[in-house]
Amino acid sequence: MIRINNLNLIYKDKYILKNINMKLKGKVGIIGSSGSGKSMITKSILKLVPEKFITQGSIDFMGEDLVKMKEKDIAKIRGKDIGYVPQDPHTALDPEIKIYKQVQELYKIHKEKVNMEKFEKLIKNFGLENTEEILNKYPRKLSGGQLQRILIAISLLLNPKLIIMDEATTALDSISQYQIAQIIKSIDTDYIFISHDLKLVSKMVDYIYVINHGELAEEGKTEEILERPQNENTIKLLEAQL
Ligand SMILES: Nc1ncnc2c1ncn2[C@@H]1O[C@H](COP(=O)(O)OP(=O)(O)OP(=O)(O)O)[C@@H](O)[C@H]1O
Ligand SMILES: [Mg+2]
């Protein structure tokens with residue numbers, strides 16, 4: 001479980017995130033319009049915010065405060081205890097290094113035995129054929145949808161305690177998106193599913209946080225948010241789906 005306590009993220013005297021409190025356990029969604037701060041929440045958890053940003057507050061994970069953690073320690077958690085599917089599939093991997101090498105490298109970084117069969121099985125499960133061919137490709141030769149399937153597989157590879165998925169299915173067509181969402185849902189791992197698509201999020205999670213201009217607008221069980229939205233911003237997001 002991750003617990004975010006009074007998190008502020010400040011850049012040039014401007015609050016990018018303001019007083020965020022979240023309990024991330026089970027299957028949780030974060031929604032909000034573009035620029036509201038969803039990705040910055042994930043980046044704060046994984047300590048991937050640019051250095052020029054000031055972070056205040058604390059983020060508890062396994063008895064430690066991630067905000068205070070040194071880079072060498074958080075690097076051990078990133079991709080291992082916490083799986084991560086970043087928003088932009090095209091910059092998530094090194095475009096000039098073949099897929100299989102980057103997967104092997106991930107195992108090595110975390111001092112685990114390389115298991116390419118497991119990776120192949122995972123990408124197959126996410127609908128990719130010709131797995132051997134894909135392993136030998138450079139990321140720059142793959143489509144956004146193919147890369148997203150690969151990134152979801154990578155996020156699961158080292159049996160994380162939870163996975164953060166930032167718009168993890170947006171490069172997929174709607175049928176594939178639905179299929180991949182079903183597979184993700186069936187996985188027995190906690191996840192944080194981020195999207196501006198409230199309809200999709202509501203199918204994936206039990207609890208939803210709505211964020212607006214860097215602040216929490218509303219939170220609640222999925223069915224409560226859908227049936228009785230209290231906040232104007234949530235209502236707008238709901239109406240936008242119709
Ligand atoms: N490198 C940066 N320097 C300064 N401000 C930034 C930087 N990256 C993001 N921001 C600002 O932080 C705010 C939150 O951005 P964030 O990427 O978290 O939004 P988001 O909710 O993920 O949006 P989207 O749905 O488009 O992915 C935005 O107002 C953005 O302008
Ligand atoms: Mg984002």
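**The metal site and beyond**

Modeller: Happy to. Ser39 (OG) and Gln87 (OE1) coordinate the magnesium ion (ligand 2), at 2.0 to 2.1 Å. Keep in mind that this is a predicted model.

Colleague: Where do Ser39 and Gln87 lie?

Modeller: Ser39 is in helix H1, while Gln87 is in the loop between strand E6 (82-85) and helix H3 (89-92). They are 48 residues apart in sequence, so the pair ties those parts together.

Colleague: Is Ser39 buried or exposed? And what about Gln87?

Modeller: Ser39 is buried, with a relative accessible area of 17%. Gln87 has 37%, which makes it partly exposed.

Colleague: How many residues of H1 are buried?

Modeller: 7 of its 8 residues are, so H1 is largely enclosed by the rest of the structure. The buried ones are Lys38, Ser39, Met40, Ile41, Thr42, Ser44 and Ile45. Just after the helix, Lys47 has a positive phi of about 55°.

Colleague: Let's pick Thr42 from that helix. What does its side chain reach?

Modeller: The backbone oxygen of Ser39, at 2.6 Å. Thr42 counts as buried, at 1% relative accessibility.

Colleague: Which residues does Thr42 touch, leaving out those up to four places away in sequence?

Modeller: Tyr84, Ile164, Asp166 and Ile194.

Colleague: Changing topic: how many aromatic pairs are there?

Modeller: The structure holds 3. In one of them, the ring centres of Tyr11 and Phe53 are 5.0 Å apart and the planes are at 10°, so this pair is stacked; the cut-off for stacking is under 30 degrees.

Colleague: Which parts of the chain does that pair link?

Modeller: Distant ones, 42 residues apart. Tyr11 belongs to strand E1 (residues 2-11), and Phe53 to the loop between helix H1 (38-45) and strand E4 (54-61). Tyr11 is partly exposed at 24% relative accessibility, whereas Phe53 is buried at 12%.

Colleague: And how are the rings of Tyr191 and Phe193 arranged?

Modeller: Their centres are 6.4 Å apart with the planes at 65°, so that pair is edge-to-face, for which the angle has to be over 60 degrees. Tyr191 is buried, with a relative accessible area of 1%, and Phe193 is buried with 1% as well.

Colleague: What sits over the ring of Tyr15?

Modeller: The charged end of Lys18, 5.0 Å from the ring centre.

Colleague: What do E1 and E2 form, and which residue in the turn has a positive phi?

Modeller: They form a hairpin with 2 residues between them, and Lys12 in the turn has a positive phi of about 50°.

Notes:
Residues are numbered from 1 along each chain as its sequence is written. Chains are lettered from A and ligands numbered from 1 in the order in which they are written. This is a predicted model: local features need pLDDT of at least 70, side-chain atom pairs count only at pLDDT 80 or more; totals for chains, interfaces and linings use all residues. Side-chain values use heavy atoms; hydrogens and water are left out. Rings of Phe, Tyr and Trp (its six-membered ring) pair if their centres lie within 6.5 Å; planes under 30 degrees apart count as stacked, over 60 as edge-to-face and the rest as tilted. Helices (H or I, at least four residues) and strands (E, at least two) are DSSP runs, numbered from the N terminus. Buried means under 20% relative accessible area, exposed over 50%, partly exposed in between (1.4 Å probe, protein chains only). A charge sits over a ring if NZ of Lys or CZ of Arg is within 6 Å of the ring centre and within 35 degrees of the ring normal. Donors are N, O and S atoms within 2.8 Å of the metal (3.2 Å for Na, K and Ca); water is not among the atoms, so sites may look incomplete. A polar contact is a pair of N or O atoms within 3.5 Å; within protein, one must be able to donate a hydrogen and the other to accept it, and residues adjacent in sequence count only if both atoms are side-chain atoms. Contact means heavy atoms within 4.5 Å. Two strands pair if DSSP finds at least two bridges between them.
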